[in-house]
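Morning, everyone. Please bring up the model on your screens. I'll go through it piece by piece.

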Amino acid sequence: MLEQVSDRIFRWIETHGEAQGTPYRWNSYAIHIPEHKALALVDPLAMTEEEAAALEGICPPTDIILTCEYHLREGEQYRHRWGSCLWANDAERERYNITIDNWFHDGALVLETIRCVFIPAGFYPETALLVQGDPTVLIIGDILSGARCDAGIPEEQLGIAFPEYIPDLSLIRQSLATLQSLEFDILCFGHGNPIRQQPKEKLKEFIKLNEVWLELEKMKEERGEKRAE
């Protein structure tokens, strides 16, 4: 079932963690750009035929945009199904072993509506998508998560689900600052529920509360590098 996030953005989900009693959501999005007769899928998970028909009723998918290479998911299948153009960040060019139709650069405006912002630090490098409109929506991959029972992140809040898996803590502060510099009204995630109420303020509060933690982790990382030398 499609869920409408904004006037031009829709979401479909997979629920994980039910067997453990801590269900949380994996998300994919569709961005409708009627002025260009376009519908862009973002990190497309498998969808039901009902969901596919609902999207086709809005507009047959013309494009597929990936926030990172490990979010290809069903992108190849849907590219062939609808003849969609597959987009990815040129900064990740070496990570792909499939054909990418179009490469974008940091700051590029895809379909004159979707600003692509490179985020160097997370579990892997990724791209945030700032979808212009009223409201303006920011879609991010994995650097932050929305509400997740399994990670102790409550509804209408955000967090780093598994900080122990982030390989480069020295870039986290820079990446979070980049996100904070953007103007948006709704914050959406690859995992967990969107934040609709004061998302920028909640991001700022999260960064402030975690400044000490980030600094300590950076110091640990630097000491580890020195010991290795």
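Let's start with helix H2, residues 75–82. Its buried residues are Gly75, Tyr78, Arg79 and Trp82. Buried means under 20% relative accessible area, exposed means over 50%, and partly exposed is in between, with a 1.4 Å probe and protein chains only. Helices (H or I, at least four residues) and strands (E, at least two) are DSSP runs, numbered from the N terminus.

What covers them? The cover includes strand E4 (38–42), helix H1 (49–58), strand E5 (63–65) and strand E6 (85–89). Just after H2, Gly83 takes a positive phi of about 70 degrees.

A quick word on the ground rules. This is a predicted model, where local features need pLDDT of at least 70, side-chain atom pairs count only at pLDDT 80 or more, and totals for chains, interfaces and linings use all residues. Residues are numbered from 1 along each chain as its sequence is written, and side-chain values use heavy atoms, with hydrogens and water left out.

Next, Leu187. Find it in strand E12, residues 186–189. Is Leu187 buried or exposed? Leu187 counts as buried because its relative accessibility is 1%. Leaving aside neighbours within four places in sequence, Leu187 is in contact with Leu138, Ile140, Leu158, Pro194, Ile195 and Pro199. Contact means heavy atoms within 4.5 Å. Take Ile140: it is 47 residues from Leu187 along the chain, yet their C-alpha atoms are separated by 7.9 Å.

Now zoom out to the cores. A nonpolar core is a set of buried Ala, Val, Leu, Ile, Met, Phe, Trp, Tyr and Cys residues joined through side-chain atoms within 4.5 Å. The largest one has 24 residues, and Leu138, Ile140, Leu144 and Leu179 have the most contacts inside it. Elements giving two or more residues to this core are strand E9 (114–119), strand E10 (126–131), strand E11 (137–140), helix H3 (172–180), E12 and helix H4 (199–209). There is also a second, separate core of 21 residues, and it includes Ile31, Trp87, Leu129 and Val137.

Stay with H4 for a moment. Lys202 is found there. Lys202 is buried, with a relative accessible area of 14%. Not counting residues up to four places away in sequence, Lys202 touches Glu156, Gln157, Leu158, Ile195 and Gln197.

Last, the backbone. Where is Pro135? Pro135 lies in the loop between E10 and E11. A cis peptide bond joins Asp134 and Pro135, with omega about 15 degrees.

Lys37 has phi near 50 degrees. Lys37 sits in the loop between E3 and E4, and counts as exposed at 70% relative accessibility. Glu112 has a positive phi of about 55 degrees. Look for Glu112 in the loop between strand E8 (109–110) and E9. At 56% relative accessibility, Glu112 counts as exposed.

That's my tour. Over to you.
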